[in-house]
Amino acid sequence: MAISVFDLFSIGIGPSSSHTVGPMRAARTFVDGLAADGLLPTATRVRAELFGSLGATGHGHGSDKAVLLGLAGERPEEVDTDSVPERVAAIRESRRLRLRGEHEIAFSVEKDLLMHRRRSLPAHPNGMTFRAFDAGGAVLRERVYYSVGGGFVLDESGMRGDPAIVEDSTPVPHPFRTGADLLEQCRTSGLPISQIMLRNELCWRTGDEIKAGLLEIWRVMVECVRNGCEHDGVLPGGLKVPRRAKALHDKLRAQDGVGDALHAMDWVSLYALAVNEENAAGGRVVTAPTNGAAGIIPAVLHYYTRFIRTANDEGVITFLLTAGALGSVLKQTGSISGAEVGCQGEVGSACAMAAAGLTEVLGGTPAQVENAAEIGVEHHLGLTCDPVGGLVQIPCIERNAVGASKAIHAARMAMWGDGSHVVALDKAIKTMRETGADMKVKYKETARGGLAVNVIEC
């Protein structure tokens, strides 16, 4: 199956791709189906139920708000993030909801939006059901959806195959599923990884559209960092976590470039903190490949554009294409879902993708790129997802800063070698998936283990 770079990097809303972006898309898909079947005008009630990790940590991740906005017809890439609190409050208080913005029904958040903390659906931890009823109580439409990570949503038919991927039968000139496949495509074609990905992308878009789309993704990343550096105060959710990016930004600017040998890494930490604080506050972010790990790739890209003298827009495009290729491998053969394999699938995958992108723009060979990605995966194996209070704040924000630094180190280590190494990327990804299967459920985005139970919520 082919996965586009624009599937892995999508403009959305915080705080979570699987718990916010996915449920919003699922709810919107459900009401779009009602409209397409001509059933929207006869619907008088809609009932949504969230299961597994969505039910356990959904309130902290904004899943309930996302469902309300999706039913109202919003898309994560377009919704006005500043208006969300007011709109959700209006629905709660009025007990009225306009489906798709067109058809008003009575809607009680307490009765019609249920969060099951201890119940799960069989195919994936992030399961949802939606039902629409007519005035007589008959079911007009019923659907089950799964948010499988990175904002990807599948229905029951999609989950009958490989739940890690979204079906797309588009034939591409350089098909690959594994890291070994990707290296073989590079070997036989003589092309770098970014060009393999670009030639596949040309099956969906023109070259100009690809370039414009990737630069737009970069623009949103830059804007997200800037917003994070401008806002201070306390993050929402009750933990009273202070925003640190603005104060750190002011301190680094005051140094005016004078610092110790690791001065650049302080900026990298800042960039990651800024993004993930914006994400935690429900701001506009780029899913890369998830929201919980959204700060790593922007931070490493900022490192490239600020500290590498040869950096330019073409390098940004090359970086994102290379990272997207490795993200495709990770999604098809591993997982990018914290609810499925823990944070090794989110921060570990983002670190691997960022390391790969940086290695190629620094002049690395495909073998060195694969080596850098493997280092990124290997040294996040076993990382649990244990958000305190179910919020994407502790340990998620700092974890992105550390992950970004590790990506840069992984790239530099790979560049010092010739690309040969003992553990292949595919073996590291297989280990990640097996480790996730062995990991206790309480460590997979349920807020029932790890830091989530050992740190007192304020």
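Biologist: Which residues lie nearest the centre of the largest pocket, and how many line it?

Modeller: This is a predicted model. Its largest pocket has a lining of 30 residues, with Pro 236, Ala 280, Ala 281, Gly 282 and Gly 283 nearest the centre. The general idea is that a probe the size of a water molecule, rolled over the atoms, shows where empty space is left. Here the space in the largest pocket comes to about 610 Å³.

Biologist: Which helices each supply at least two residues of that lining?

Modeller: They are H2 (17-36), H3 (52-61), H4 (63-71), H5 (84-94) and H11 (263-280). By residue class, the lining of the largest pocket holds 12 nonpolar, 13 polar and five charged residues.

Biologist: Why does the largest pocket lie between domain 1 and domain 2?

Modeller: Because domain 1 (13-160) and domain 2 (179-443) both contribute residues to its lining.

Biologist: How far apart are the C-alpha centres of the two domains?

Modeller: The C-alpha centres of domain 1 and domain 2 are separated by 29 Å. The contact involves 22 residues from domain 1 and 21 residues from domain 2.

Biologist: How many cavities of 30 Å³ or more does a search of the whole structure find?

Modeller: The search finds one. A cavity differs from a pocket in that the probe fits but cannot get out. The volume of the largest cavity is about 120 Å³.

Biologist: Which residues lie nearest the centre of the largest cavity?

Modeller: Gly 292, Glu 346, Cys 385, Val 392 and Cys 396 do, out of 17 lining residues. Helix H17 (residues 396-416) provides the largest share of this lining, three residues. The lining of the largest cavity splits into eight nonpolar, six polar and three charged residues. Domain 1 (13-160) and domain 2 (179-443) each give at least three residues to the lining of this cavity.

Biologist: Turning to the packing, which residues have the most contacts inside the largest nonpolar core?

Modeller: A nonpolar core is a set of buried residues joined through side-chain atoms within 4.5 Å. The largest one here has 91 residues, and Phe 9, Ile 297 and Leu 320 have the most contacts inside it. Helix H11 gives the most to this core, 11 residues. Another core, of 35 residues, lies apart from it and includes Phe 30, Val 67, Val 88 and Met 115.

Biologist: What is Ile 297 in contact with, leaving aside neighbours within four places in sequence?

Modeller: Ile 297 is in contact with Phe 9, Met 221, Ala 288, Phe 319, Leu 320, Ala 350, Met 353 and Ala 354.

Methods:
Residues are numbered from 1 along each chain as its sequence is written. This is a predicted model: local features need pLDDT of at least 70, side-chain atom pairs count only at pLDDT 80 or more; totals for chains, interfaces and linings use all residues. Side-chain values use heavy atoms; hydrogens and water are left out. On a 1 Å grid over the protein atoms alone, a cavity is a set of points where a 1.4 Å probe fits but cannot get out, and a pocket is an open set with protein on both sides within 12 Å along at least five of seven lines; lining residues have an atom within 4 Å of a point. Grid points are joined across faces, edges and corners, and a volume is the space filled by probe spheres set on the points. Helices (H or I, at least four residues) and strands (E, at least two) are DSSP runs, numbered from the N terminus. Ala, Val, Leu, Ile, Met, Phe, Trp, Tyr, Cys and Pro count as nonpolar, Asp, Glu, Lys and Arg as charged, and the others, Gly among them, as polar. Domain bounds come from an automatic or database domain assignment. Buried means under 20% relative accessible area, exposed over 50%, partly exposed in between (1.4 Å probe, protein chains only). Contact means heavy atoms within 4.5 Å.
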